[in-house]
Amino acid sequence: MSLEPLIPNRLDDEKSALVVLDQTLLPGEVVYRALHTTEEICHAIKTLQVRGAPAIGVAAGYGAYLGAKAAPEESFDAFYGYFSAVRDALAASRPTAVNLFWALNRMDKKVLSMKEAPIPAIKAALKEESLAIHREDIAQNKAISEYGLSLLKPGDGILTHCNAGPIATSEYGTALGPILLGQEKGYGFKVFADETRPLLQGARLTAFELHRAGVDVTLICDNMASMVMKNGWVQACLVGCDRVAANGDVANKIGTSGVAILAKHYGIPFYVLGPTTTIDLDCPTGADIPIEQRDPEEIRSLWYEKPMAPRCKMFNPAFDVTDHELIAGIITEKGIARPPYSESLRKLFE
Ligand code: MRU
């Protein structure tokens with residue numbers, strides 16, 4: 001019996017709503033929320049109801065369209081003033097995943113290319129653009145999955161961190177894409193999912209998605225990755241990305257860089273998977289990537305009946321940067337970039 005796919009983003013144009021899967025409730029409950037206003041969409045992104053770099057990009061595209069749909073039509077200036085406020089509000093929802101800004105820029109460019117057109121035509125074009133962003137993400141994920149699978153052998157052990165599966169993207173996912181595609185082809189991978197403190201995307205989402213798909217998945221605490229690698233159980237690490245700098249440094253979920261360092265120590269290839277919409281050639285190095293800081297209560301009290309630490313100082317960055325020297329390949333829909341990344345990433349855009 002095949003299970004119903006979980007869809008992170010869907011446009012319900014008739015009801016002027018973005019319907020998102022509320023990922024904060026997984027794995028316990030599958031709840032879809034219809035979001036009608038820019039405020040509701042920003043809130044859903046901030047609180048990680050919709051999360052994962054490509055899914056945030058798709059949500060931003062739909063959010064920009066739905067905002068524009070409500071904009072005044074008496075003049076281009078009035079329309080663009082309203083649209084710009086929606087765009088800026090969405091852009092302020094999360095700072096690290098560049099897909100958000102990429103999607104908003106694309107929507108903005110579409111508007112500016114149609115300055116002379118009637119406003120209803122601009123609105124119709126924005127709807128088409130947001131749907132195109134989503135469609136393209138689906139196709140990109142499939143291509144990434146195929147390239148990723150070409151690097152793996154049947155029976156391989158794979159370690160992943162955070163969640164870069166279908167609910168963080170569109171359909172196959174990025175880091176989980178080769179695993180799910182391999183599952184369809186009978187590869188029999190053995191996957192280790194880091195639980196990914198503090199928000200537990202690995203436990204709540206990756207283990208859930210893989211287990212649901214029938215993949216052999218073993219959940220481990222983040223501090224067990226070294227032992228699992230030392231035991232010889234991991235032949236490759238696959239992770240997603242939130243922003244790739246021009247030199248190949250990669251921002252991804254906090255803890256990713258530690259996994260990469262361990263992989264280097266044990267001689268295991270560490271691969272990053274993501275669409276080219278996650279590559280930011282305007283960001284020279286990882287040091288230029290803005291890193292989101294989140295509420296420290298996520299560490300102290302989120303999952304506990306009672307707070308599990310005193311009110312001491314806390315530090316809760318949502319992402320870290322993996323040095324490009326630790327990365328064996330960056331797998332995109334346009335192919336696999338290899339070091340030196342300052343050349344290979346640029347080539348992807350030629
Ligand atoms: O804070 P999150 O859950 O949005 O962080 C997500 C990640 O870090 C993912 O690994 C990354 O976005 C890649 S998703 C395909």
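Reply: An open sheet of 7 strands runs in the order 6-5-4-7-10-13-14, with mixed pairing. Here strands (DSSP type E, at least two residues) and helices (H or I, at least four) are DSSP runs numbered from the N terminus, and two strands pair if DSSP finds at least two bridges between them. The model is predicted, so local features require pLDDT of at least 70 and side-chain atom pairs pLDDT 80 or more, whereas totals for chains, interfaces and linings use all residues. Residues are numbered from 1 along each chain as its sequence is written, and side-chain values use heavy atoms, with hydrogens and water left out.

The edges of the sheet are strand 6 (216-220) and strand 14, each pairing on one side only. Direction ignored, neighbouring strands are turned by 25 degrees against each other on average. Angles in this account run from 0 to 180 degrees between N-to-C directions, and axes are lines fitted to C-alpha atoms, for helices over the stretch in contact. Within the sheet, strand 10 (residues 270-273) and strand 13 run parallel and are joined by 3 bridges. Val272 stands opposite Ile330 of strand 13. Helix 5 (residues 119-149) lies across strand 10, strand 13 and strand 14, at about 140 degrees to strand 13.

Strand 14 leads on to helix 11 through a loop that holds Pro340. The peptide bond between Pro339 and Pro340 is cis, with omega about -5 degrees. An α-helix has 3.6 residues a turn, so residues three or four places apart point the same way.

With a relative accessible area of 45%, Arg346 is partly exposed. Neighbours within four places in sequence aside, Arg346 is in contact (heavy atoms within 4.5 Å) with Ala246, Leu281 and Tyr341. Ile279 is 67 residues from Arg346 in sequence, yet their C-alpha atoms are 9.5 Å apart in space.

Helix 5 also has a helical partner. Its axis and that of helix 3 (residues 76-91) come within 10 Å and cross at roughly 30 degrees. Helix 3 is therefore roughly parallel to helix 5, since angles under 35 degrees count as roughly parallel, over 145 as roughly antiparallel, 65 to 115 as roughly perpendicular and the rest as oblique. Phe76, Phe79 and Phe83 of helix 3 meet Ile119, Ile122, Lys123 and Leu126 of helix 5. This contact has 6 nonpolar, no polar and 1 charged residues; Ala, Val, Leu, Ile, Met, Phe, Trp, Tyr, Cys and Pro count as nonpolar, Asp, Glu, Lys and Arg as charged, and the others, Gly among them, as polar.

Another open sheet has 3 strands in the order 1-2-3, with antiparallel pairing. Strand 1 (9-12) and strand 3 (32-35) each have a single partner strand, so one side of each is left without a neighbour in the sheet. Strand 2 (residues 17-21) is joined to strand 3 by 4 bridges, and Val19 stands opposite Ala34 of strand 3. Helix 2 packs on this sheet, touching strand 1, strand 2 and strand 3. The axis of helix 2 (residues 53-69) also comes within 10 Å of that of helix 1 (residues 38-46), crossing at roughly 170 degrees. Helix 1 and helix 2 are therefore roughly antiparallel.

In the loop between strand 2 and strand 3 lies Pro27, and the peptide bond from Leu26 to Pro27 is cis, with omega near 5 degrees.

Notes:
Buried means under 20% relative accessible area, exposed over 50%, partly exposed in between (1.4 Å probe, protein chains only).
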